[in-house]
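Thanks for coming. Please look at the model on the screen while I go through a few places in it.

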Amino acid sequence: MRIVLVKPGSLKRDEAGNILYASSSVTLIISDRILVVDTGSADEKDIVFDGLRRAGASPDDIEIVVNTHLHEDHTGCNGIFRSADVLSYHTGLREGCVLARGVRVIETPGHTLDSISVLCSGEIVIAGDALPTADNHIKDLPPRLHVDRALAMKSMHRIAGIARIVIPGHGKPFSIPGGRDVELA
């Protein structure tokens, strides 16, 4: 399996901490199928195209787009993947759904009730906004925007308990010392 961060997510805040601009990480997974997890903001099409090209892929190569949730900073470039099936919680992705060899879905609600994450090789979690930044993990704080704080914290702790590496929704990948594999449904 090959996992490539096509584009790291970004998050810009004002001095009071209000979000001024957000765009998700875009991650390419090459297994027995070719997937992209989240597609970034609509204004980043050229960056996504360029990142795919550097990874040796094109939008036409992508078979599946997985949206961790349906906020537009995670779905803005869905339209460039014309040949792909676009999947999310709303299309039936649930805990344990297998997307490709070594790639499956885990439900991680809290930021939104439909938030999912993607588990690769049992140790890499593409978390979307269930774990939006490394700071959320380090400071043990839920996503600033959440529909259920307790669920958000439970999902963050679950990800931290599974992952050795996290690709967050809005930042660069980070490792979790002592992360461990756990049995999933």
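Asn78 sits in the loop that links α2 (72-75) and β7 (85-87); helices (H or I, at least four residues) and strands (E, at least two) are DSSP runs, numbered from the N terminus. This is a predicted model, where local features need pLDDT of at least 70 and side-chain atom pairs count only at pLDDT 80 or more, while totals for chains, interfaces and linings use all residues. Residues are numbered from 1 along each chain as its sequence is written, and side-chain values use heavy atoms, with hydrogens and water left out.

Is Asn78 buried or exposed? Asn78 counts as buried because its relative accessibility is 15%; buried means under 20% relative accessible area, exposed over 50%, partly exposed in between, with a 1.4 Å probe and protein chains only. Leaving out residues up to four places away in sequence, Asn78 touches Thr39, Val65, Asn67 and Val86, where contact means heavy atoms within 4.5 Å.

Beyond its neighbours within four places in sequence, Ile29 is in contact with residues including Met1, Leu35 and Val118.

Last, helix α4. Its buried residues include Ala152, Met156 and Ile159. Among the elements covering the buried residues of α4 are β9, β10 and β12 (165-168).
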